[in-house]
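User: Hi, could you walk me through this model before my class?
Analyst: Of course, have a look at it here and then ask whatever you like.
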Amino acid sequence: MATQRKVIITCAVTGAIHTPSMSPHLPVTPEEIAEAGIAAAEAGASILHLHARDPDTGKPTQDPAVFERFLPRIKASTDAVINLTTGGSPHMTVEERMRPAMEFKPELASMNMGSINFGLFPMLNRYDSFQHEWERAHLENSRDLVFKNTFADIETALTLGGKNGTRFECECYDIGHLYSLRHLMERDIISGRIFVQSVFGILGGIGPHPEDVMHMRRTANRLFGDDYEWSVLGAGSGQMRIAAQAAAMGGHVRVGLEDSLWLAPGKLAESNASQVAKVREILEGLSFEVATPDEAREMLQLKGADQVGF
């Protein structure tokens with residue numbers, strides 16, 4: 001009897017795109033982020049992708065002191081792989097974005113594989129008012145925003161993180177990012193089994209059409225052969241549809257309130273765990289098994305939770 005394929009579920013708990021006024025369920029404080037992460041792990045998430053926010057305003061922050069208020073609690077309460085952002089917010093410098101990963105030496109960290117326009121401003125049309133002054137500017141300023149990830153930026157992050165034994169979730173927002181990743185592999189700046197996270201539906205990157213998903217997968221297969229694990233995230237309404245398509249094509253999936261605030265059309269997700277439960281139901285309906293954290297560690301060749309700095 002054939003062994004069922006194991007699918008890794010990543011849950012991106014809060015992110016830096018959405019603002020507190022968009023949903024009352026978006027985790028903001030360290031306590032809320034910890035509770036949301038623990039619940040997502042209990043629902044079946046193998047990996048927790050974590051950002052931090054200012055507890056008072058909800059504004060994204062890369063201050064390690066804020067991360068320190070939830071990382072130990074999550075680690076003590078779950079076996080999930082902790083994946084720390086080096087993306088932070090598109091409005092931050094690379095030095096700011098790297099601080100948590102450098103201090104806490106996680107098993108896994110995100111790394112964007114190229115610079116893109118990062119358009120959040122269409123969301124201004126959906127909300128009449130905002131709780132905090134920074135929220136409207138956060139969206140409006142994205143009209144003139146390049147999310148900067150030069151080759152120098154990427155090489156610095158991969159080299160510094162690699163010295164700590166941290167491996168990377170390589171976020172690819174467009175086809176050219178796959179070619180940039182291949183270039184970095186050929187120069188031995190990144191090695192081992194590659195974890196590609198394809199991002200669909202951000203204005204400025206590749207779209208969420210099923211043909212876009214297929215094109216990304218075909219290109220990755222051609223460039224990386226069997227030497228990689230492929231995961232997807234669909235922004236907004238494409239979240240579950242893209243997850244289902246990618247799983248059927250041999251991929252892993254990412255959900256969470258960083259990527260979509262919704263559980264169904266017109267229905268806000270009341271928690272990250274509810275999205276994890278929904279995608280788990282989809283996966284199991286397709287006769288796939290959800291990978292445990294330790295199975296994810298083996299697939300991604302991670303150093304283990306006992307080797308982190310928190």
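This is a predicted model: local features need pLDDT of at least 70, side-chain atom pairs count only at pLDDT 80 or more; totals for chains, interfaces and linings use all residues.

User: Okay, where does Ser21 lie?
Analyst: Ser21 lies in the loop between strand E2, which covers 9–12, and helix H1.

User: And which residues does Ser21 touch?
Analyst: Leaving out residues up to four places away in sequence, Ser21 touches Tyr127, Ser129, Phe130, Gln131 and Glu135. The side chain of Ser21 makes a polar contact with the side chain of Glu135 at 2.8 Å, and a polar atom of the Ser21 side chain lies 2.7 Å from the backbone nitrogen of Gln131.

User: Switching topic, which residues touch the most other members in the largest nonpolar core?
Analyst: That core has 37 residues, and Ile9, Leu48, Leu50, Phe70 and Leu71 are the ones that touch the most other members. Its largest share, seven residues, comes from helix H1 (residues 30–43).

User: What other core is there?
Analyst: Apart from the largest one lies another core, of 33 residues, which includes Leu158, Ile194, Val213 and Leu223.

User: Last one: at what angle do H9 and H10 cross?
Analyst: The axes of H9 (residues 239–248) and H10 (residues 272–285) cross at roughly 35° and come within 10 Å, and the crossing is right-handed.

User: Which residues meet there?
Analyst: Gln239, Met240, Ala243, Ala244 and Ala247 in H9 meet Gln275, Lys278, Val279, Ile282 and Leu283 in H10. Sorted by type, the residues of this contact are seven nonpolar, two polar and one charged.

Definitions and conventions:
Residues are numbered from 1 along each chain as its sequence is written. Side-chain values use heavy atoms; hydrogens and water are left out. Axes are lines fitted to C-alpha atoms, for helices over the stretch in contact, and angles run from 0 to 180 degrees between N-to-C directions. Helices (H or I, at least four residues) and strands (E, at least two) are DSSP runs, numbered from the N terminus. A crossing is left-handed if the near helix is turned anticlockwise from the far one by less than a right angle, and right-handed if clockwise. Contact means heavy atoms within 4.5 Å. Ala, Val, Leu, Ile, Met, Phe, Trp, Tyr, Cys and Pro count as nonpolar, Asp, Glu, Lys and Arg as charged, and the others, Gly among them, as polar. A nonpolar core is a set of buried Ala, Val, Leu, Ile, Met, Phe, Trp, Tyr and Cys residues joined through side-chain atoms within 4.5 Å. Buried means under 20% relative accessible area, exposed over 50%, partly exposed in between (1.4 Å probe, protein chains only). A polar contact is a pair of N or O atoms within 3.5 Å; within protein, one must be able to donate a hydrogen and the other to accept it, and residues adjacent in sequence count only if both atoms are side-chain atoms.
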